[in-house]
Amino acid sequence: TLQHSACSRSALAWVAPLNRPARRKTRCRTGFRLEGTEPETRSALWLRLKGDTAVVCGLVWPRASMLLCVFIFLTLCPGNAALLLGSPGPIGRQQAGPRHSTVIMNAHKHHAGHAEELSIGDSMELGWEKLRGKPLRRSLALWRFFTVGAFKTVRANRTDTPELTALTAQWVKDGLLRLGPTMIKLGQVFSSRTDLLHPAYIDALQSLTDDVPVVSSRIVREIIEAELGRPVDEVFDAFEDKPLAGASLGQVHRARLKNSSMPVAIKIQRRSLQALFDTDFKNLRLLARMLDGWEALQRRRQGRTGDVSRNWLEYTDDAADLLYKETDYENEANNVEKFAASLPAELNVLVPTVFRNATTSRVLTMQFVPSTKLTRADKLSELGLDRAKLRRQVIDLFLTQLLETRVLHCDPHPGNLCVATDGSGRLVLYDFGMIDDIPVEAQAGMRKLALALFGGSAKPSDAELEEAGTSLVNALEMMGFLSAKADRAAVQKVG
């Protein structure tokens with residue numbers, strides 16, 4: 001609402017040709033209103049679509065220009081998504097809380113004539129559901145997040161104040177939660193990249209590894225019964241409605257199979273993930289092409305030649321391929337058995353057993369193993385575990401994968417790499433949706449690299465150093481890290 005002043009009268013005079021009484025029903029119009037303090041001066045600024053053009057403030061604009069204006073309008077004014085596109089769901093009411101700064105406490109649904117309060121997870125899934133099958137709305141939400149997130153991050157980096165950085169990191173985490181499984185998985189990947197991100201972002205994103213809002217037990221039971229074809233009570237002697245943890249693609253509940261004393265952990269997949277992935281990766285591929293183009297432009301400006309150092313589109317395609325595979329829990333069951341068979345017994349690593357009779361493409365039933373994250377220093381001290389020994393075990397585990405078995409766990413964030421709490425000190429691995437086979441040539445390169453770096457005498461001669469440098473460059477090329485057109489002499493000097 002404009003104040004009654006000369007400035008406001010000038011603004012209202014500018015839209016004077018549009019003065020008219022407000023109507024309750026107007027087709028194909030949406031926008032925002034500038035209102036004066038007097039009834040006779042009330043005016044409205046409307047955006048109306050006519051064929052291939054748009055009418056804004058009485059002027060005719062090409063539809064493409066109108067779409068650009070709409071995008072800028074959404075980007076600069078966070079509250080306008082509901083105004084132009086309709087409410088995207090009950091996401092967005094912010095309250096302070098111990099687990100999530102963005103919570104939905106007042107979202108309701110009507111069931112059997114009564115208003116029932118939804119859980120945070122149910123409300124969040126309802127928000128994702130409203131964007132499924134609506135690629136334009138979903139795309140606008142993604143690009144607004146990318147644009148505003150880039151602006152906020154750059155501003156926080158320039159001011160370099162801990163408070164603003166922490167607030168920005170929390171905003172990024174909440175935005176990823178609102179956008180759903182694809183973006184949550186992206187946040188989980190970056191939560192372990194301490195070499196790239198500020199500690200405030202690492203702290204915020206690490207909560208995404210095991211603290212994602214969960215849906216109600218009613219929805220979980222419906223999914224299990226639809227997948228297994230039987231009521232939950234016919235499959236399990238006991239089923240805990242309270243989940244153990246929430247993840248990007250699903251959540252985990254504890255149960256006990258029929259006629260068995262062994263506790264199991266059941267992972268239940270969220271609904272309609274494929275539709276979200278389809279739209280999200282179309283936009284991520286577009287963003288990847290933009291990054292590739294920007295880097296190519298930078299190389300031309302700097303006069304650099306040679307092959308492209310990074311291919312963001314290829315990275316995105318690889319991530320999409322892995323994530324689509326991760327939604328198939330039967331494929332994950334195969335991965336569990338393959339990974340467990342590849343590990344030598346002396347590693348002292350526990351991989352939970354899969355129960356095939358209660359596993360489908362969307363429900364995975366595995367052995368329940370009490371454990372704690374390796375990042376819980378207080379819990380490790382309480383259990384009396386030797387942290388130096390655990391570090392050596394983790395290093396041995398990954399060196400074994402890289403240099404011996406060639407079967408690699410591709411998602412080892414802190415929520416998936418734990419230690420058993422039974423006092424044995426055994427490492428426990430979870431979430432085998434993404435594993436990969438390292439090519440033989442790449443593994444040979446890694447072995448050659450290890451020998452070049454750590455082999456030789458304690459006081460090597462110039463000839464030994466030159467030989468080691470040549471071996472190191474050859475190893476990098478075998479691993480695929482060095483282009484055939486790269487300056488090998490320069491790399492060898494650095495090595």
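This is a predicted model: local features need pLDDT of at least 70, side-chain atom pairs count only at pLDDT 80 or more; totals for chains, interfaces and linings use all residues.
Leu-417 belongs to strand β15, residues 417-420, while β16 covers residues 427-429. These two strands pair in the antiparallel sense, with three bridges between them. As a reminder, strands of a sheet pair through backbone hydrogen bonds, and they can do so in a parallel or an antiparallel way.

Now step back to see the whole sheet. Four strands make up an open sheet in the order β11-β16-β15-β13, and the pairing is mixed. At its edges are β11 (349-350) and β13 (371-373), each of which pairs on one side only. Helix α15, residues 387-405, packs on this sheet and touches β11, β15 and β16. The direction of α15 makes about 45 degrees with that of β16.

## Strands around β9

Next, find strand β9, residues 250-257. It pairs with strand β7 (residues 236-239) in the antiparallel sense over three bridges, and here Phe-236 has Leu-257 as its bridge partner in β9. Strand β8, residues 245-246, also runs antiparallel to β9, joined by two bridges. Three residues lie between β8 and β9, which form a hairpin.

A further hairpin is formed by β9 and β10, this time with five residues between the strands. In its turn you can find Asn-259, which has a positive phi of about 55 degrees. Strand β10 covers residues 263-269 and pairs with β9 in the antiparallel sense over seven bridges. Arg-256, for example, has Pro-263 as its bridge partner in β10.

## A serine in a loop

Where does Ser-207 lie? Look in the loop between α8 (199-206) and α9 (217-228). The side chain of Ser-207 reaches back to the backbone oxygen of Ala-204, at 2.8 Å. Setting aside neighbours within four places in sequence, Ser-207 is in contact with Lys-173 and Val-212.

## How confident is the model?

The average pLDDT of the chain is 76, and 74% of the residues score at least 70. Confidence is highest in strand β12 (residues 363-367), at a mean of 96, and lowest in strand β5 (residues 108-111), at 35.

Note on methods: Residues are numbered from 1 along each chain as its sequence is written. Side-chain values use heavy atoms; hydrogens and water are left out. A polar contact is a pair of N or O atoms within 3.5 Å; within protein, one must be able to donate a hydrogen and the other to accept it, and residues adjacent in sequence count only if both atoms are side-chain atoms. Contact means heavy atoms within 4.5 Å. Two strands pair if DSSP finds at least two bridges between them. Axes are lines fitted to C-alpha atoms, for helices over the stretch in contact, and angles run from 0 to 180 degrees between N-to-C directions. pLDDT is the predictor's confidence in each residue, from 0 to 100.
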